[in-house]
Amino acid sequence: IFGNPWIFIRGVPAMKFLPPEGPPEVAFAGRSNVGKSSLINALVGQKGLARTSNTPGRTQELNYFVPDGYSGEGDDLPPAALVDMPGYGYAQAPKEQVDAWTKLVFDYLRGRATLKRVYVLIDSRHGIKKNDDEVLTLLDKAAVSYQIVLTKTDKIKAAGVPKLLAETAAKIAKHPAAYPEILATSSEKASGLDELRAEIARTVGV
Ligand code: GTP
Ligand code: MG
(Lines give C-alpha, C1' and ligand atoms only; values in the text may rest on other atoms or scores of the structure.)
(Ligands and ions follow the chains in the order given, each with its own letter.)
Protein backbone atom coordinates (compact mmCIF):
# COMPACT_ATOMS: atom_id res chain seq x y z
CA ILE A 1 0.00 0.00 0.00
CA PHE A 2 2.92 2.38 0.55
CA GLY A 3 4.81 3.55 -2.50
CA ASN A 4 1.63 4.44 -4.39
CA PRO A 5 -0.22 7.77 -4.06
CA TRP A 6 -2.81 8.26 -1.34
CA ILE A 7 -5.79 10.60 -1.46
CA PHE A 8 -8.02 12.35 1.05
CA ILE A 9 -11.58 11.01 0.80
CA ARG A 10 -13.57 12.41 3.70
CA GLY A 11 -13.54 14.70 6.72
CA VAL A 12 -15.87 13.48 9.44
CA PRO A 13 -17.15 16.12 11.90
CA ALA A 14 -19.57 13.75 13.70
CA MET A 15 -20.19 10.01 13.93
CA LYS A 16 -23.13 10.05 11.50
CA PHE A 17 -20.79 11.16 8.69
CA LEU A 18 -18.42 8.19 9.01
CA PRO A 19 -18.02 6.13 5.84
CA PRO A 20 -19.75 2.73 6.03
CA GLU A 21 -17.54 0.17 7.77
CA GLY A 22 -15.51 -1.52 5.04
CA PRO A 23 -11.73 -1.73 4.61
CA PRO A 24 -9.57 -2.21 7.72
CA GLU A 25 -8.46 1.13 9.12
CA VAL A 26 -5.78 2.36 11.49
CA ALA A 27 -6.02 5.68 13.31
CA PHE A 28 -3.44 8.16 14.60
CA ALA A 29 -4.27 9.63 17.99
CA GLY A 30 -2.36 11.87 20.35
CA ARG A 31 -2.14 15.27 21.99
CA SER A 32 -2.49 18.35 19.83
CA ASN A 33 0.70 19.18 17.97
CA VAL A 34 2.35 15.79 18.68
CA GLY A 35 2.85 15.31 14.93
CA LYS A 36 -0.03 13.04 13.78
CA SER A 37 -0.64 14.75 10.44
CA SER A 38 3.10 15.13 9.76
CA LEU A 39 3.62 11.42 10.42
CA ILE A 40 0.89 10.45 7.92
CA ASN A 41 2.50 12.68 5.29
CA ALA A 42 5.92 11.17 6.01
CA LEU A 43 4.56 7.61 5.82
CA VAL A 44 2.99 8.14 2.41
CA GLY A 45 5.74 10.50 1.21
CA GLN A 46 3.31 13.30 0.32
CA LYS A 47 4.03 16.56 2.11
CA GLY A 48 0.67 18.29 1.75
CA LEU A 49 -1.71 15.33 2.09
CA ALA A 50 -2.72 15.89 5.72
CA ARG A 51 -2.72 19.53 6.82
CA THR A 52 -0.13 20.35 9.46
CA SER A 53 0.49 23.46 11.50
CA ASN A 54 2.57 25.01 14.26
CA THR A 55 -0.67 25.91 16.00
CA PRO A 56 -2.23 23.13 18.08
CA GLY A 57 -5.79 22.20 17.09
CA ARG A 58 -5.15 22.11 13.34
CA THR A 59 -6.97 18.84 12.60
CA GLN A 60 -10.61 19.20 13.63
CA GLU A 61 -12.30 16.20 11.98
CA LEU A 62 -11.55 12.52 11.46
CA ASN A 63 -9.79 12.68 8.10
CA TYR A 64 -9.82 9.57 5.93
CA PHE A 65 -6.97 8.77 3.54
CA VAL A 66 -6.90 5.80 1.16
CA PRO A 67 -4.65 4.56 -1.65
CA ASP A 68 -5.67 6.14 -4.97
CA GLY A 69 -7.27 4.15 -7.79
CA TYR A 70 -10.43 2.73 -6.17
CA SER A 71 -13.90 4.05 -6.89
CA GLY A 72 -15.16 3.10 -3.43
CA GLU A 73 -18.34 1.75 -5.11
CA GLY A 74 -19.50 -1.85 -4.82
CA ASP A 75 -16.52 -4.22 -4.52
CA ASP A 76 -13.99 -1.64 -5.71
CA LEU A 77 -12.96 -0.68 -2.20
CA PRO A 78 -9.46 0.46 -1.18
CA PRO A 79 -7.48 -2.17 0.80
CA ALA A 80 -7.04 0.06 3.85
CA ALA A 81 -7.59 3.53 5.29
CA LEU A 82 -5.47 5.80 7.47
CA VAL A 83 -7.45 8.04 9.83
CA ASP A 84 -5.97 11.31 11.08
CA MET A 85 -7.64 12.39 14.32
CA PRO A 86 -8.10 15.71 16.06
CA GLY A 87 -5.66 16.06 18.94
CA TYR A 88 -6.67 16.08 22.57
CA GLY A 89 -5.47 18.28 25.40
CA TYR A 90 -5.68 21.60 23.58
CA ALA A 91 -7.12 24.02 26.10
CA GLN A 92 -7.19 27.27 24.09
CA ALA A 93 -10.15 26.37 21.85
CA PRO A 94 -13.73 27.24 22.94
CA LYS A 95 -15.05 24.72 25.44
CA GLU A 96 -18.00 23.57 23.28
CA GLN A 97 -15.59 22.83 20.43
CA VAL A 98 -13.20 20.88 22.66
CA ASP A 99 -16.15 18.92 24.07
CA ALA A 100 -17.41 18.13 20.55
CA TRP A 101 -13.96 16.90 19.39
CA THR A 102 -13.48 14.86 22.53
CA LYS A 103 -16.86 13.20 22.10
CA LEU A 104 -16.17 12.43 18.44
CA VAL A 105 -12.72 10.99 19.18
CA PHE A 106 -13.94 8.86 22.08
CA ASP A 107 -17.10 7.64 20.28
CA TYR A 108 -15.03 6.70 17.25
CA LEU A 109 -12.35 4.89 19.26
CA ARG A 110 -14.95 2.92 21.17
CA GLY A 111 -17.38 2.11 18.42
CA ARG A 112 -15.66 1.31 15.13
CA ALA A 113 -15.55 -2.40 14.28
CA THR A 114 -13.16 -1.95 11.32
CA LEU A 115 -10.62 -0.03 13.42
CA LYS A 116 -7.75 -2.53 13.61
CA ARG A 117 -5.25 -0.54 15.60
CA VAL A 118 -4.67 2.90 17.02
CA TYR A 119 -1.22 4.42 16.90
CA VAL A 120 -0.98 6.61 19.98
CA LEU A 121 1.66 9.23 19.33
CA ILE A 122 3.77 10.55 22.19
CA ASP A 123 6.11 13.53 21.88
CA SER A 124 9.66 12.36 22.71
CA ARG A 125 10.28 15.53 24.70
CA HIS A 126 7.27 15.03 26.98
CA GLY A 127 6.63 11.30 27.38
CA ILE A 128 3.24 9.91 28.47
CA LYS A 129 1.17 12.61 30.20
CA LYS A 130 -1.97 12.26 32.32
CA ASN A 131 -4.37 12.79 29.40
CA ASP A 132 -2.45 10.26 27.29
CA ASP A 133 -2.86 7.76 30.08
CA GLU A 134 -6.62 8.43 30.14
CA VAL A 135 -6.83 7.65 26.43
CA LEU A 136 -4.82 4.44 26.91
CA THR A 137 -7.21 3.41 29.69
CA LEU A 138 -10.20 4.11 27.45
CA LEU A 139 -8.68 1.94 24.72
CA ASP A 140 -7.99 -0.83 27.26
CA LYS A 141 -11.65 -0.74 28.37
CA ALA A 142 -12.88 -0.77 24.76
CA ALA A 143 -10.40 -3.59 23.97
CA VAL A 144 -9.00 -1.64 21.02
CA SER A 145 -5.44 -2.67 20.27
CA TYR A 146 -2.92 0.16 20.19
CA GLN A 147 0.79 0.81 19.78
CA ILE A 148 2.82 3.70 21.15
CA VAL A 149 4.79 5.71 18.59
CA LEU A 150 7.29 8.25 19.88
CA THR A 151 7.47 11.32 17.61
CA LYS A 152 10.01 14.10 17.00
CA THR A 153 13.00 12.06 18.16
CA ASP A 154 15.14 14.58 16.24
CA LYS A 155 14.34 17.01 19.06
CA ILE A 156 16.08 14.94 21.75
CA LYS A 157 19.63 13.63 22.05
CA ALA A 158 20.16 10.27 20.34
CA ALA A 159 21.45 8.84 23.62
CA GLY A 160 18.12 9.71 25.27
CA VAL A 161 16.06 7.48 22.97
CA PRO A 162 16.84 4.08 24.59
CA LYS A 163 16.09 5.55 28.04
CA LEU A 164 12.80 7.00 26.84
CA LEU A 165 11.87 3.67 25.24
CA ALA A 166 12.54 1.86 28.52
CA GLU A 167 10.58 4.40 30.60
CA THR A 168 7.65 4.27 28.20
CA ALA A 169 7.67 0.46 28.14
CA ALA A 170 7.48 0.46 31.95
CA LYS A 171 4.49 2.84 31.86
CA ILE A 172 2.51 0.79 29.35
CA ALA A 173 3.20 -2.54 31.05
CA LYS A 174 0.00 -2.15 33.10
CA HIS A 175 -2.11 -1.43 30.00
CA PRO A 176 -3.62 -4.68 28.70
CA ALA A 177 -4.44 -3.49 25.15
CA ALA A 178 -1.00 -1.96 24.52
CA TYR A 179 1.27 -3.65 22.02
CA PRO A 180 4.57 -4.10 23.90
CA GLU A 181 6.88 -2.87 21.15
CA ILE A 182 7.27 0.91 20.98
CA LEU A 183 8.39 2.66 17.82
CA ALA A 184 10.63 5.76 17.77
CA THR A 185 10.10 8.07 14.79
CA SER A 186 10.99 11.42 13.34
CA SER A 187 8.94 12.72 10.43
CA GLU A 188 11.51 15.47 10.03
CA LYS A 189 14.43 13.06 9.64
CA ALA A 190 12.33 10.23 8.13
CA SER A 191 13.49 7.79 10.81
CA GLY A 192 11.51 4.81 12.08
CA LEU A 193 9.11 5.11 9.15
CA ASP A 194 9.89 1.77 7.47
CA GLU A 195 9.22 -0.07 10.73
CA LEU A 196 5.88 1.73 11.14
CA ARG A 197 4.92 1.11 7.49
CA ALA A 198 5.63 -2.60 8.00
CA GLU A 199 3.50 -2.66 11.18
CA ILE A 200 0.60 -0.95 9.42
CA ALA A 201 0.78 -3.25 6.40
CA ARG A 202 0.78 -6.27 8.71
CA THR A 203 -2.10 -4.89 10.78
CA VAL A 204 -4.39 -4.27 7.80
CA GLY A 205 -3.30 -7.53 6.17
CA VAL A 206 -1.75 -6.34 2.93
P1 GTP B 1 -3.16 18.71 15.59
O2 GTP B 1 -3.78 18.40 14.28
O3 GTP B 1 -3.25 20.15 15.95
O4 GTP B 1 -3.64 17.83 16.71
O5 GTP B 1 -1.55 18.47 15.48
P6 GTP B 1 -0.77 17.22 14.85
O7 GTP B 1 -0.54 16.20 15.90
O8 GTP B 1 -1.41 16.77 13.59
O9 GTP B 1 0.66 17.87 14.54
P10 GTP B 1 1.27 18.36 13.14
O11 GTP B 1 1.60 17.20 12.30
O12 GTP B 1 0.40 19.42 12.58
O13 GTP B 1 2.67 18.95 13.63
C14 GTP B 1 2.74 19.94 14.63
C15 GTP B 1 4.08 20.66 14.53
O16 GTP B 1 5.13 19.75 14.83
C17 GTP B 1 4.39 21.20 13.13
O18 GTP B 1 5.02 22.45 13.28
C19 GTP B 1 5.33 20.16 12.55
O20 GTP B 1 6.20 20.69 11.58
C21 GTP B 1 6.09 19.71 13.79
N22 GTP B 1 6.59 18.32 13.64
C23 GTP B 1 5.87 17.24 13.32
N24 GTP B 1 6.66 16.12 13.27
C25 GTP B 1 7.91 16.53 13.56
C26 GTP B 1 9.17 15.86 13.69
O27 GTP B 1 9.34 14.64 13.49
N28 GTP B 1 10.25 16.64 14.05
C29 GTP B 1 10.14 17.97 14.27
N30 GTP B 1 11.24 18.62 14.64
N31 GTP B 1 8.97 18.64 14.16
C32 GTP B 1 7.87 17.93 13.81
MG1 MG C 1 -3.17 17.25 12.74
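Predicted model: local features only at pLDDT ≥ 70, side-chain atom pairs only at ≥ 80, totals over all residues.
Colleague: Why is tyrosine 64 called buried?

Modeller: A residue is buried if 20 or more other C-beta atoms, placed from the backbone, lie within 10 Å of its own, exposed if 12 or fewer, and partly exposed in between. Tyrosine 64 has 21 C-beta neighbours inside 10 Å, and therefore counts as buried.

Colleague: Which residues is tyrosine 64 in contact with, leaving aside its neighbours within four places in sequence?

Modeller: They are Ile9, Arg10, Val12, Pro19, Ala81 and Val83; contact requires C-beta atoms, placed from the backbone, within 7 Å. The C-alpha atoms of tyrosine 64 and alanine 81 are separated by 6.5 Å, although these residues lie 17 apart along the chain.

Colleague: What makes strand 3 and strand 4 a pair?

Modeller: Strands (E, at least two residues) and helices (H or I, at least four) are DSSP runs, numbered from the N terminus, and two strands pair if DSSP finds at least two bridges between them. Strand 3 and strand 4 are joined by three bridges and run antiparallel, with tyrosine 64 opposite valine 83 in strand 4.

Colleague: Where do the side chains of strand 4 point?

Modeller: Ala81 and Val83 point one way, Leu82 and Asp84 the other, and all are buried. Side chains in a regular strand alternate between the two faces of the sheet.

Colleague: What is the order of the strands in the sheet?

Modeller: The open sheet has seven strands in the order 1-3-4-2-5-6-7, with mixed pairing. Strand 1 (6–12) and strand 7 (183–184) each have a single partner strand and stand at the edges, so one side of each lacks a neighbour in the sheet.

Colleague: Why is strand 5 described as largely enclosed?

Modeller: Eight of its nine residues are buried, so the rest of the structure largely encloses strand 5. Strand 5 runs parallel to strand 2, with six bridges joining them, and six bridges also pair it in the parallel sense with strand 6. Valine 120 stands opposite isoleucine 148 in strand 6.

Colleague: What makes a set of residues a nonpolar core?

Modeller: The set consists of buried Ala, Val, Leu, Ile, Met, Phe, Trp, Tyr and Cys residues joined through C-beta atoms within 7 Å. The largest such core has 42 residues, of which Phe28, Ile40, Val120 and Leu121 touch the most other members. Strand 5 gives the largest share, six residues.

Colleague: How do you know which residues belong around ligand 1?

Modeller: A residue is near a molecule or strand if its C-beta atom, placed from the backbone, lies within 6 Å of it. There are 24 residues around ligand 1, and Gly35, Ser38, Thr59, Gly87 and Glu188 come nearest. Helix 1 (residues 36–44) contributes the most to the shell, with three residues.

Methods
Residues numbered from 1 in each chain as written. Chains lettered and ligands numbered in written order. Contact = placed C-beta atoms within 7 Å.
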